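Some labels for a protein model rest on cut-offs. The questions below ask how such labels are reached.

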Amino acid sequence: MVAALKAEFHFDFGSPNAYLAELALPDIETRTGIRFDYVPVLLGGVYKATGNMSPADSLRGIKNKPEYNALETARFLRRHGITKFAPNPFFPVNTLSLMRGVVAAEFDGLFEPYFRAAYHHMWVEPKKMDDPQVFRAAFLSSGLDIDRIIARAQQDDVKKKLIENTTRAVQRGSFGSPTFFVGDEIYFGKDSLRDVEEEILAQLASARRKTA
């Protein structure tokens, strides 16, 4: 029953809110018995397709809203006991290489170490990860064979997969990151995690009733 329900986390390393939301997912997985599928999407492509923009742009010049956004983030950090987070001074970062890299890493069975390293160098010890030299040095410091991943990321199947993920996400209603799907139900933002968990439990309960 549990395995039949699909829950997805759509992410781009350039989103600090996706980084923070992902840190809360293991607790939801423990409580519900559901494992999230991690789906890499290119946030720049999502923005282009939907006319959306980065919060760095949308909050600029608006009185009180950036301050509230910072307050909301501080509350989230406290609620989930998150201590490893630092704003990236180079934000926004072009994440095309990072996102092609994670697709390449997934294809080659290296998703987890690449994923953790990428988030570490974006939001724990922040770096300018759209600088090729910084990018390479960062992943080397994390013990990855990054030259292999860089070469793999240039192959057509990797590029095609990232485009397909991004296009499909927009078709399903996505406009940013983090986006979550529970079955066909869409949720946006780190502050929707309580709703995501409630939906998982509701769908599981509904499925059990149908088979009782």
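**Labels and their grounds**

Q: Where is P178 placed in the chain?
A: P178 sits in the loop between α9 (156-171) and β3 (179-182). Helices (H or I, at least four residues) and strands (E, at least two) are DSSP runs, numbered from the N terminus. This is a predicted model, in which local features need pLDDT of at least 70 and side-chain atom pairs count only at pLDDT 80 or more, while totals for chains, interfaces and linings use all residues. Residues are numbered from 1 along each chain as its sequence is written, and side-chain values use heavy atoms, with hydrogens and water left out.

Q: What makes the peptide bond from S177 to P178 cis?
A: Its omega is near 10°. Another cis peptide bond, with omega about 0°, joins F91 and P92; P92 is in the loop between α4 (65-80) and α5.

Q: Why is L144 called buried?
A: Buried means under 20% relative accessible area, exposed over 50%, and partly exposed in between (1.4 Å probe, protein chains only). L144 has a relative accessible area of 10%, so L144 is buried. The residue is in the loop between α7 (132-141) and α8 (146-153).

Q: Which residues is L144 in contact with, leaving aside its neighbours within four places in sequence?
A: They are P113, Y114, A117, F139 and I149, where contact means heavy atoms within 4.5 Å. The C-alpha atoms of L144 and A117 are separated by 8.6 Å, and the two residues are 27 apart along the chain.

Q: Why are α5 and α8 called roughly perpendicular?
A: Axes are lines fitted to C-alpha atoms, for helices over the stretch in contact, and angles run from 0 to 180 degrees between N-to-C directions. Angles under 35 degrees count as roughly parallel, over 145 as roughly antiparallel, 65 to 115 as roughly perpendicular and the rest as oblique. The axes of α5 and α8 come within 8 Å and cross at roughly 105°, and the two helices are therefore roughly perpendicular to each other.

Q: How do you know that strands β1 and β2 pair?
A: Two strands pair if DSSP finds at least two bridges between them. Five bridges join β1 (residues 7-11) to β2, and the two run parallel. In β2, Y38 is the bridge partner of F9.

Q: Why is one side of β2 and of β4 left without a neighbour in the sheet?
A: The open sheet has four strands in the order β2-β1-β3-β4, with mixed pairing. β2 (36-40) and β4 (185-188) stand at the edges, each with a single partner strand, so one side of each has no neighbour in the sheet.
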